[in-house]
Amino acid sequence: MSQILDMVDIETIEKLADIINKKELSELTIADGERTITIKGKRPVPPPPAMPVPFMGAPVQNMPAPEDALSATEKSEAAEVNGNIVKSPIVGTFYAAPSPDKPPFVKIGDTVKKGDVIMIIESMKLMNEVQSEYDGVVENILVSDGQTVEYDQPVMVIK
(Lines give C-alpha, C1' and ligand atoms only; values in the text may rest on other atoms or scores of the structure.)
Protein backbone atom coordinates (compact mmCIF):
# COMPACT_ATOMS: atom_id res chain seq x y z
CA MET A 1 0.00 0.00 0.00
CA SER A 2 2.88 2.36 0.73
CA GLN A 3 3.87 1.94 -2.91
CA ILE A 4 0.46 3.27 -3.87
CA LEU A 5 0.84 6.40 -1.79
CA ASP A 6 4.42 6.94 -3.00
CA MET A 7 3.26 6.81 -6.61
CA VAL A 8 0.21 9.10 -6.22
CA ASP A 9 0.36 12.02 -8.58
CA ILE A 10 -2.20 14.53 -9.79
CA GLU A 11 -3.18 12.30 -12.72
CA THR A 12 -3.97 9.37 -10.38
CA ILE A 13 -5.98 11.64 -8.08
CA GLU A 14 -7.96 12.94 -11.07
CA LYS A 15 -8.69 9.35 -12.20
CA LEU A 16 -9.87 8.45 -8.71
CA ALA A 17 -12.05 11.57 -8.63
CA ASP A 18 -13.57 10.59 -12.00
CA ILE A 19 -14.38 7.12 -10.64
CA ILE A 20 -16.01 8.65 -7.56
CA ASN A 21 -18.16 10.92 -9.73
CA LYS A 22 -19.13 8.19 -12.21
CA LYS A 23 -20.06 5.77 -9.42
CA GLU A 24 -21.75 8.58 -7.46
CA LEU A 25 -19.72 7.80 -4.33
CA SER A 26 -19.56 10.26 -1.46
CA GLU A 27 -15.87 9.69 -0.70
CA LEU A 28 -12.90 7.36 -1.04
CA THR A 29 -10.17 7.02 1.58
CA ILE A 30 -6.84 5.27 1.08
CA ALA A 31 -4.73 4.83 4.20
CA ASP A 32 -1.23 3.46 4.76
CA GLY A 33 -0.03 3.75 8.33
CA GLU A 34 0.19 7.47 9.05
CA ARG A 35 -0.56 8.55 5.45
CA THR A 36 -4.16 9.01 4.38
CA ILE A 37 -5.70 10.32 1.19
CA THR A 38 -9.40 11.13 1.11
CA ILE A 39 -11.15 12.20 -2.07
CA LYS A 40 -14.67 13.53 -1.62
CA GLY A 41 -17.29 13.48 -4.32
CA LYS A 42 -20.24 15.78 -4.96
CA ARG A 43 -22.67 13.42 -3.24
CA PRO A 44 -22.88 14.12 0.51
CA VAL A 45 -22.21 11.36 3.01
CA PRO A 46 -25.59 9.99 4.09
CA PRO A 47 -26.52 10.79 7.68
CA PRO A 48 -26.60 7.92 10.16
CA PRO A 49 -30.02 6.29 10.53
CA ALA A 50 -32.28 8.07 12.98
CA MET A 51 -32.93 6.37 16.26
CA PRO A 52 -36.62 5.68 16.92
CA VAL A 53 -38.13 8.07 19.41
CA PRO A 54 -40.48 6.47 21.93
CA PHE A 55 -44.04 7.77 21.96
CA MET A 56 -44.48 9.89 25.05
CA GLY A 57 -48.30 10.06 25.06
CA ALA A 58 -49.14 7.72 27.95
CA PRO A 59 -47.14 6.72 31.00
CA VAL A 60 -45.27 3.49 30.38
CA GLN A 61 -45.98 1.99 33.81
CA ASN A 62 -49.75 2.03 33.13
CA MET A 63 -49.42 -0.04 29.96
CA PRO A 64 -49.41 -3.86 30.26
CA ALA A 65 -46.19 -5.48 29.11
CA PRO A 66 -46.67 -7.40 25.82
CA GLU A 67 -44.70 -10.38 27.15
CA ASP A 68 -47.09 -10.69 30.09
CA ALA A 69 -50.11 -10.65 27.80
CA LEU A 70 -48.54 -13.22 25.48
CA SER A 71 -47.54 -15.55 28.26
CA ALA A 72 -51.05 -15.34 29.75
CA THR A 73 -52.51 -16.26 26.35
CA GLU A 74 -50.06 -19.11 25.95
CA LYS A 75 -50.82 -20.33 29.46
CA SER A 76 -54.57 -20.37 28.76
CA GLU A 77 -53.98 -22.19 25.44
CA ALA A 78 -51.71 -24.72 27.16
CA ALA A 79 -54.33 -25.29 29.86
CA GLU A 80 -56.97 -26.02 27.19
CA VAL A 81 -54.94 -28.55 25.21
CA ASN A 82 -53.92 -32.06 26.06
CA GLY A 83 -50.94 -33.37 24.17
CA ASN A 84 -47.56 -32.20 22.93
CA ILE A 85 -47.41 -28.59 21.86
CA VAL A 86 -45.23 -27.90 18.82
CA LYS A 87 -43.84 -24.37 19.05
CA SER A 88 -42.28 -22.21 16.37
CA PRO A 89 -38.49 -22.51 16.56
CA ILE A 90 -38.04 -19.04 14.97
CA VAL A 91 -39.88 -15.84 14.11
CA GLY A 92 -41.36 -16.00 10.63
CA THR A 93 -44.34 -16.91 8.48
CA PHE A 94 -46.11 -20.26 8.94
CA TYR A 95 -46.81 -22.31 5.83
CA ALA A 96 -48.78 -25.55 6.04
CA ALA A 97 -47.71 -26.74 2.57
CA PRO A 98 -44.46 -26.75 0.56
CA SER A 99 -46.09 -24.48 -2.06
CA PRO A 100 -49.55 -23.01 -2.72
CA ASP A 101 -50.43 -25.73 -5.25
CA LYS A 102 -49.35 -28.65 -3.02
CA PRO A 103 -51.35 -30.32 -0.24
CA PRO A 104 -50.48 -29.43 3.38
CA PHE A 105 -47.80 -31.43 5.18
CA VAL A 106 -50.34 -32.44 7.84
CA LYS A 107 -54.02 -31.96 8.60
CA ILE A 108 -55.96 -32.40 11.82
CA GLY A 109 -56.34 -36.14 12.38
CA ASP A 110 -53.16 -37.12 10.48
CA THR A 111 -50.70 -39.49 12.14
CA VAL A 112 -47.13 -38.19 12.29
CA LYS A 113 -43.86 -39.75 13.33
CA LYS A 114 -40.86 -38.10 14.90
CA GLY A 115 -38.80 -36.55 12.08
CA ASP A 116 -41.73 -36.00 9.68
CA VAL A 117 -41.86 -32.49 8.16
CA ILE A 118 -45.00 -30.88 9.55
CA MET A 119 -44.66 -27.22 8.46
CA ILE A 120 -42.43 -24.54 7.00
CA ILE A 121 -41.47 -21.33 8.76
CA GLU A 122 -40.18 -18.70 6.34
CA SER A 123 -37.70 -16.32 7.89
CA MET A 124 -35.54 -13.84 6.01
CA LYS A 125 -36.48 -15.36 2.64
CA LEU A 126 -35.38 -18.83 3.80
CA MET A 127 -37.83 -21.71 3.95
CA ASN A 128 -37.14 -23.67 7.15
CA GLU A 129 -38.72 -27.12 7.31
CA VAL A 130 -39.88 -27.99 10.83
CA GLN A 131 -39.87 -31.65 11.78
CA SER A 132 -42.07 -33.25 14.39
CA GLU A 133 -40.43 -34.02 17.70
CA TYR A 134 -43.28 -36.38 18.59
CA ASP A 135 -45.08 -39.48 17.37
CA GLY A 136 -48.86 -39.11 17.43
CA VAL A 137 -51.95 -37.64 15.84
CA VAL A 138 -52.33 -33.97 14.90
CA GLU A 139 -55.06 -32.79 17.25
CA ASN A 140 -55.08 -29.09 16.40
CA ILE A 141 -53.34 -26.50 14.23
CA LEU A 142 -53.35 -23.22 16.18
CA VAL A 143 -52.36 -20.81 13.38
CA SER A 144 -53.55 -20.27 9.84
CA ASP A 145 -51.52 -20.60 6.66
CA GLY A 146 -49.50 -17.45 5.93
CA GLN A 147 -49.78 -16.17 9.50
CA THR A 148 -46.77 -14.56 11.19
CA VAL A 149 -45.53 -16.53 14.19
CA GLU A 150 -43.24 -15.54 17.02
CA TYR A 151 -40.40 -17.55 18.52
CA ASP A 152 -41.74 -20.23 20.89
CA GLN A 153 -45.37 -19.55 19.85
CA PRO A 154 -47.60 -22.65 20.01
CA VAL A 155 -48.39 -23.72 16.43
CA MET A 156 -49.68 -27.29 16.58
CA VAL A 157 -50.83 -29.92 19.08
CA ILE A 158 -49.85 -33.58 18.61
CA LYS A 159 -51.47 -36.13 20.91
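What follows is a chat about the labels used for this structure.

Author: First, some ground rules. This is a predicted model, where local features need pLDDT of at least 70, side-chain atom pairs count only at pLDDT 80 or more, and totals for chains, interfaces and linings use all residues. Residues are numbered from 1 along each chain as its sequence is written, and side-chain values use heavy atoms, with hydrogens and water left out.

Reader: How do you know what span to expect for helix H2?

Author: You take 1.5 Å times one less than the number of residues. Helix H2 covers residues 10-22, which is 13 residues, and the expected span is 18 Å. From its first C-alpha to its last, H2 reaches 18 Å, close to that expectation. After H2 comes Glu24, with a positive phi near 55°.

Reader: Why is Ser88 called buried?

Author: Buried means under 20% relative accessible area, exposed means over 50%, and partly exposed is in between (1.4 Å probe, protein chains only). Ser88 has 1% relative accessibility, so Ser88 counts as buried. You'll find Ser88 in the loop between E3 and strand E4 (92-95).

Reader: What does Ser88 touch, not counting residues up to four places away in sequence?

Author: A contact means heavy atoms within 4.5 Å. Ser88 touches Ile121, Val149, Glu150, Tyr151, Asp152, Gln153 and Val155 on that count.

Reader: What makes the pair formed by Ser88 and Ile90 a polar contact?

Author: A polar contact is a pair of N or O atoms within 3.5 Å; within protein, one must be able to donate a hydrogen and the other to accept it, and residues adjacent in sequence count only if both atoms are side-chain atoms. A polar atom of the Ser88 side chain lies 2.4 Å from the backbone oxygen of Ile90.

Reader: And Ser132: which label does it get, buried or exposed?

Author: Ser132 has 4% relative accessibility, so Ser132 counts as buried. Ser132 sits in the loop between E7 and strand E8 (136-141). The Ser132 side chain reaches the backbone oxygen of Tyr134 at 2.6 Å. Leaving out residues up to four places away, Ser132 also touches Val112, Lys113, Lys114, Gly115, Asp116, Ile118 and Ile158.

Reader: Why is Thr38 called partly exposed?

Author: Thr38 comes out at 38% relative accessibility, so Thr38 counts as partly exposed. Thr38 lies in strand E2 (residues 35-40). Beyond the neighbours within four places, Thr38 is in contact with Glu27, Leu28 and Thr29. The C-alpha atoms of Thr38 and Glu27 are separated by 6.9 Å, though these residues are 11 apart along the chain.

Reader: How do you know that E1 and E2 pair?

Author: Two strands pair if DSSP finds at least two bridges between them. Strand E1 (residues 27-32) is joined to E2 by 6 bridges, and the two run antiparallel. One detail is Glu27, which stands opposite Lys40 in E2. E1 and E2 form a hairpin with 2 residues between them, and Gly33 in the turn has a positive phi of about 65°.

Reader: Why do E7 and E9 stand at the edges?

Author: Their open sheet has 4 strands in the order E7-E6-E4-E9, with antiparallel pairing. Strand E7 (126-131) and strand E9 (148-149) each have a single partner strand, so one side of each is left without a neighbour in the sheet. E6 and E7 pair over 6 bridges, and Val117 stands opposite Gln131 in E7.

Reader: Last one: what makes a nonpolar core?

Author: It is a set of buried Ala, Val, Leu, Ile, Met, Phe, Trp, Tyr and Cys residues joined through side-chain atoms within 4.5 Å. The largest one has 15 residues, of which Phe94, Ile118, Met119 and Met156 touch the most other members. Strand E6 (117-123) and strand E10 (154-158) are the elements that give two or more residues to this core.
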